[in-house]
Structures are given as C-alpha cells and as structure tokens.
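Let's take a friendly walk through a two-chain model, with an eye on how the chains meet. Please keep the viewer open as you read.

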Amino acid sequence: MTGVKKIKSQKSAAKRVEIPEGLWTKCKGCDEVIYNRELDQNLRICPKCGAHFPIGAWQRIASLVEQGSFQEMDSEMIAVDLLKFTGVDSYPEKLKQSREETGLKDAVITGVGDIGAHHIGLAVMDFRFMGASMGSVVGEKITRLIERCTAERLACIIINASGGARMQEGLMSLMQMAKTSAALARHARARLPYISALTHPTYAGVMASYASLGDLIIAEPGAMIGFAGPRVIKDTTQSELPRGFQTAEFLLERGLIDVVVPRKQLKATLVRVLDYLMPPANPAPQPAAAV
Amino acid sequence: MPPTTRLITYEFEKPILELEKKLEELTRLAHEQKVNVRDQISEIEKTIEETKQRIYTDLSAWQRVQLARHPVRPFTLDYIRAIASDFTELHGDRLYSDDKSLIGGFATIEGQRVMVIGNQKGRDTKENIMRNFGSAHPEGYRKALRLMRMADRFGLPIITLIDTPGAYPGIGAEERHIAEAIAVNLREMMLLRVPILSIVIGEGGSGGALGIGIANRVLILENAYYSVISPEGCAAILWKDRAATPKAAAALKLSAKHLIELKLVDEILPEPLGGAHRDAAKAAATLKAALLRHLRELLAMSVEQLLEDRYAKFRAMGQFEIAEGIVQSQAE
C-alpha cells in the first residue's frame, strides 16, 4: 500500500506562492507542486507520495484494455431535461458546460474490450462530468452493458466514481439504482462474474447500487467511499468522525473491500482474478467414461 | 380525530384553523347565552368546507411534503393494526441487532396471509428515539431481506409500507456498510418468487425508501412523496440556501401526481381532505381495498410472470435521447 496519508512535515514558505491554474497541481497528500503533464504521464498519481488523483475515463480505459480492442457502446446517448428542472442553473446549461469541459456526452463510457486474454465488458465513470452523477443515461448505459455481458457470457467490470444520483432527474435517477441492480441480479443468476472497482470518490446512489454489488470489490488507495458524505454525517450526529473514516483502507479493515490495489497494478490484478473467475476455454476435465 | 391534531397545523392551514376557532367560539356563546346563531354557524361551516377544498386540493409540493411528515399521520403500525386481524412481529437481522425503525412480520389481511415490512416512525420524542425517527441502519435492511427471503421460501406475498426520511447517515451505519445493505436488497428483491407490493404511505426518502421498494406494483398516498433527495438536501446543494427548500421540492417533482405522469408509480390512493391523519380509519380502508385488489391480480400470475413483470417495470424507467444521425439498437 502506498503512503497516501503521508503528510510532509516541513512546508517551506516558498511553496506557498500562488499556483497558476491549469499548469500545476498541488498534491493533496504531500503538498508537493506537480507539473500537470508529469501527473498525466503518471496516470495522475503523485510521483512523490503516490496519492491518487481522479483520472478521466478515456485515460483509464487506455490504461486497462489492450490497444485497439475497445469498442464503445451507446456513444451517442444523451440526457434529456425530463423535469424541466429549474435550479440556480438549468439542467441543459449544466450538461452543456460539462460536455464542453470533458468532451464526454455523459458521465460514463461503456463498451467491450480485451484485458490480457479476457474479452470483457467495461464501464468507466468520469467524475469531471457533473460529479459522475447517475441519471437516465448512466443507468441505461450501465444496464445495457450488463445485459450484453450476460447475453454474451462476459465478465463485467465497472470502474466507479460518483457523487450519487443526479438530482436534476428527480426520482427517475433513483430508479436507475433499481434498474442496474436488476440487471446485475440476472447476471449473477447466470453465474457470471462482476467486478466493481471503487475510486475516489464513490458515494450515495451509485454506492448503494451497482458499486457495492461486485463479486469482487477492489478499491484504489485513499479513495473516499460511502453512503452519506462526511459533512452530512458530522452535522447529523454532532460527533467527531473516526480517523481515516470512509477511506478505502478503513473499509478494508471493516470488511467491505476485497483488496486495495494501486492504479498501476489494477490491470494485472484484474487479469489475475479473471483467470480464476473466467478460466480460458479449456475443456473441463471429464470423468473417465465407463467402458 | 385525535385531539392533538388541531394543535399541530402548518402555516398554510391557518385560515382553516381561524375559522374553526370562530365556530367554536360561536357554539360556546350560543350554548352559554342561549341565543340562536344557527344561521351564522351553518354559514361558517360552509366557509370552512370551501376553504378546506380550496387549500387542500391545490397544495404545493412543499406543503404536501409537510403533510407527509405530519406527526400524527398514520404510520406503518397504525395501518397494520387497522387492516390486519393478526400481526406477529419478527425481530433482528441475525447479524448485529434489531432495528426498530424498520419492522416486519407475519400479517393476515382478510384471511390472506402475507409478510409485511415497513419503516416505523415514533409518535413522541421517546418513541422517536427508539425508532430513530424512521431512519434505518444496515440492520433494518438486512432484517427486511431475511424476512422477505423467508416469505419467498414459504410462498407468502410481500407488502412493504414506505415511510422514511432516508437511511441513517451515521458513523455506525457507514461502518457496517449501509450502502451495501441497500444495494443487496435491490438485487435480491428482484429475484424473489412471490408477489411484492409497495405502498408509499408518507415519506419516500431516497435510497432508504427504495431499499424496500422493489415491487411488482408501487402505490402512493395522495400526499406522500417519493424523492431522490430531501428538498432540504437539494436546496443546500444546488441553491446553497436552506430557504430554497420549497423551490427545491417543486423542482424535484416529488409529489404523487407528478410521479404517476412519469410512470414511476402505478396508482395514487386518495386521502381524506386535509390528509390521512384527519380520518385515519378512512385512509386505512382505502389502503386495504387497494392492497387486496392488487394482491388478487398479482396472485393470479405465475412465478415467471412475476419475475418478468418486476424486471420489465424497472427496466423501462429512464428517459434519454440518441444524438441525431446515429442509429442505435438496444442491447438485449
């Protein structure tokens, strides 16, 4: 495990200068100022302390699947403003802004591809798109992916991140929890594996549905994971939260997570566990036939 | 009507309250001074009726949320007592404890034996502490699943009564993985081979409600609400202002009439004018009749039909578009 929580004791005054946006990132783990390009080249992991920063969906996919093997599904699916939701910003404005910022159409990319020798279904959520909140598009894309995996007898892998259900779609977004979990019920009944990877942060409606339902639940170091956010819990209970509360390591200790895996080892880990769950199509050993 | 009802009223009910006070005053006067005020009395009674009609038939989303939270509104156990000839409560999740905010057990309704599960709020402070204000911990969801699995094994239809502000956001709840407990219920309820009927009787608070809400039919009381987030939570996040709560309630389209338009619920059960608490017996009778009618229909279905029906119901929920010019086919 990497020392995500390591805090540098000496903060030199020189490091407190203004950091121009876009070029540099200050590490949340060690306060080190990192050149963004260096961070990108290192899968957005701090080269000094190993802290994991959120990573875009496409960069994640590239880090996992064999080159050229990924076929995206439902790439043109977009959200509709079914409630004509009027918040401080309108929902269409929010969507437009997120699309421009990320180049994505919504908060998840789904498709099929190869990981090592395994042909698998893969979904990757992108926190930059409205906090990877789950509305109808995320729910439908995830459900279609799972249904395809069930029909084609593929393992399904979902790399999660989310703030929860998308408020702007009201109860319809809550029902995406039911829809995705229903598809996973049938996938499990067909005795096919589903692996859930939890990255920073994974909360609320997504955590209370498919993110929690993996045969295997893998988490990235330092990821914050839970149902309610820490501030809500603090406000409700009026008490101090335990040290490390809701981190991947805290939840590993309390039995929710199978294994904490650093980002750079995720692919190798997935290949290794898929070898157990979906052995290559060798003919099963047959009992000796009676003559 | 319990005497406390009149003590607890909301701002929008004030005009009714004032008229009722006037009526009381007049009645007392007539009694004490033996004057004939029959005409005035019937005049006021008429105005009260008219005012009630005007106020209660055109409630805002936020006003309905307030009615759904009314402290003397009938709760799960009130409905069970009113409609069941027997209720044998069963306790505990066999893992950690017994959650008193999410109850369940065997019940017999007009001779029909069922498993009933429901969120339970408290009537006073003491009971509310015991019931955790209707917010369940993981143990509640795990107990519910234990009982529902038992119902599945012994062929008992499942009735769930939903009335929670939400699953509990607490330290222990997180340490024992409340998100996982809810998620497992969503998955496992989909595979139960008996009819499941859910009725939102008060608050349908987000994942905490859905955790017992995977059903073949979902009914909702007229003034109940069902929402992805509390109006207060939505206001705090999107408006950064708690005062925007009524606006958030409207924007979320969480009232029964909106949810039926969106095809997210199957039927609205009418409440007595002014809310279920104004005539609890009548509210219970409505609920009982609808429950038995739906149950009859579901009991006529085969196991395969029940499973397919439940899957198709939730599978159809979601609205999206395919960007122009691209042809997409739906995955099987």
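**The interface as a whole**

Please bear in mind that this is a predicted model. The contact draws on 62 residues from chain A and 54 residues from chain B. Together, chain A and chain B bury about 5,300 Å², and 71% of that area lies on carbon and sulfur atoms. Three residues stand out here: A:Met167, A:Leu171 and A:Phe227 supply 13% of the area that chain A buries against chain B, more than any other three residues.

How many salt bridges does the rule find across the interface of chain A and chain B? There are 4 salt bridges across it, while the count over all chains comes to 39 salt bridges. Two of the bridges that join a residue of chain A to a residue of chain B are set out here.

| Residue of chain B | Residue of chain A | Closest N and O atoms |
|---|---|---|
| B:Glu308 | A:Arg186 | 3.2 Å |
| B:Glu175 | A:Arg254 | 3.5 Å |

**What chain A brings to the contact**

Several elements of chain A each supply at least two residues of the side that touches chain B: strand 4 (77-79), helix 4 (136-152), helix 5 (170-189), helix 7 (230-237) and helix 8 (248-253). Which of the elements gives the largest share of that side? Helix 5 of chain A does, with 17 residues. Sorted by class, the side of chain A that touches chain B has 33 nonpolar, 18 polar and 11 charged residues.

Strand pairing also links the chains. Strand 4 of chain A pairs with strand 9 (residues 320-322) of chain B in the antiparallel sense, over 3 bridges. If you look at A:Ile78, you will find that its bridge partner in strand 9 of chain B is B:Glu321.

**Chain B on its own**

Chain B has 14 helices and 9 strands. Its radius of gyration is 22 Å, close to the 20 Å that the globule rule gives for 332 residues, so chain B is as compact as a globular protein of that length. Along the principal axes, the C-alpha atoms of chain B fill a box of roughly 75 × 55 × 45 Å.

**Backbone details to look up**

In chain A, the peptide bond from A:His200 to A:Pro201 is cis, with omega near -20°. A:Pro201 is found in strand 8 (residues 194-203) of chain A.

B:His177 lies in the loop between helix 7 and helix 8 (178-189) of chain B.

Note on methods:
Residues are numbered from 1 along each chain as its sequence is written. Chains are lettered from A and ligands numbered from 1 in the order in which they are written. This is a predicted model: local features need pLDDT of at least 70, side-chain atom pairs count only at pLDDT 80 or more; totals for chains, interfaces and linings use all residues. Side-chain values use heavy atoms; hydrogens and water are left out. Contact means heavy atoms within 4.5 Å. Buried area is the accessible area (1.4 Å probe) that two parts lose on being put together, summed over both. A salt bridge is a side-chain nitrogen of Lys or Arg within 4 Å of a carboxyl oxygen of Asp or Glu. Helices (H or I, at least four residues) and strands (E, at least two) are DSSP runs, numbered from the N terminus. Ala, Val, Leu, Ile, Met, Phe, Trp, Tyr, Cys and Pro count as nonpolar, Asp, Glu, Lys and Arg as charged, and the others, Gly among them, as polar. Two strands pair if DSSP finds at least two bridges between them. The radius of gyration is taken over C-alpha atoms; the globule rule is 2.2 Å times the number of residues to the power 0.38.
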